[in-house]
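Visitor: I have a structure to look at. Please walk me through some of its labels.

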Amino acid sequence: MLDDTDRRILRYYQSAPESAASDLAERAGVTASTLARRLDRLRDKGVLRGVRGVIHWPALGYEVEVSLRVTLDKTQPRAFDEFLGAAREVPEVLEIQTFLGQVDVRLSVIARDMAHYQRLYRERLLTLPHIADIEALMHVAQLKAQESLPL
């Protein structure tokens with residue numbers, strides 16, 4: 001699906017997506033028009049899904065990050081859909097992942113401090129529908145956060 005030129009473009013693009021197109025084209029060894037055409041094709045095929053800003057939440061006053069591992073009451077036919085719909089409505093829930101196995105869902109949650117987290121946990125998270133079990137894992141340190149692939 002990808003040729004060497006596509007891989008080279010993606011390798012440089014993922015390391016510095018904010019680079020000017022002319023700089024990126026030069027680094028990838030292609031013309032600016034080739035770069036634009038290839039990036040458009042990669043977007044159209046769904047390989048390149050966008051550029052995003054990465055926010056350092058503590059800089060905005062969110063000092064607490066928690067992962068919640070949730071097991072749902074699967075005796076209810078719409079448990080997943082209703083839980084996921086309600087979880088999406090909680091602004092402090094940054095990420096929702098589903099799993100096969102004992103744990104059904106993982107929520108990544110941020111809060112300003114422990115008092116904020118405790119209110120959020122009691123008033124918004126524990127009231128989400130169809131929870132059979134929930135386990136909170138407090139984040140202590142992020143040791144690796146790599147989003148680029150070795151292309």
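Visitor: Is Arg41 buried, exposed or partly exposed, and what makes it so?

Guide: This is a predicted model, where local features need pLDDT of at least 70, side-chain atom pairs count only at pLDDT 80 or more, and totals for chains, interfaces and linings use all residues. Residues are numbered from 1 along each chain as its sequence is written, and side-chain values use heavy atoms, with hydrogens and water left out. Now the label. Buried means under 20% relative accessible area, exposed means over 50%, and partly exposed is in between (1.4 Å probe, protein chains only). Arg41 has 29%, so it is partly exposed.

Visitor: Why is Arg38 called buried?

Guide: Its relative accessible area is 19%. That is under 20%, so Arg38 is buried. Asp6 is buried too, at 1%. Asp3, at 33%, is partly exposed.

Visitor: How do you know that Arg38 and Asp3 form a salt bridge?

Guide: A salt bridge needs a side-chain nitrogen of Lys or Arg within 4 Å of a carboxyl oxygen of Asp or Glu. The closest N and O atoms of Arg38 and Asp3 are 2.8 Å apart, so the pair qualifies. Arg38 lies in helix α3 and Asp3 in the segment before α1, so the pair ties together parts that are 35 residues apart in sequence. Helices here are DSSP runs (H or I, at least four residues), numbered from the N terminus.

Visitor: What makes Asp6 part of a network?

Guide: Asp6 meets Arg38 in a salt bridge at 3.0 Å, N to O. Asp6 also meets Arg41, at 2.8 Å. Salt bridges link Asp3, Asp6, Arg38 and Arg41 in a network.

Note on methods:
Helix = DSSP H or I, 4+ residues; strand = E, 2+ residues; numbered from the N terminus.
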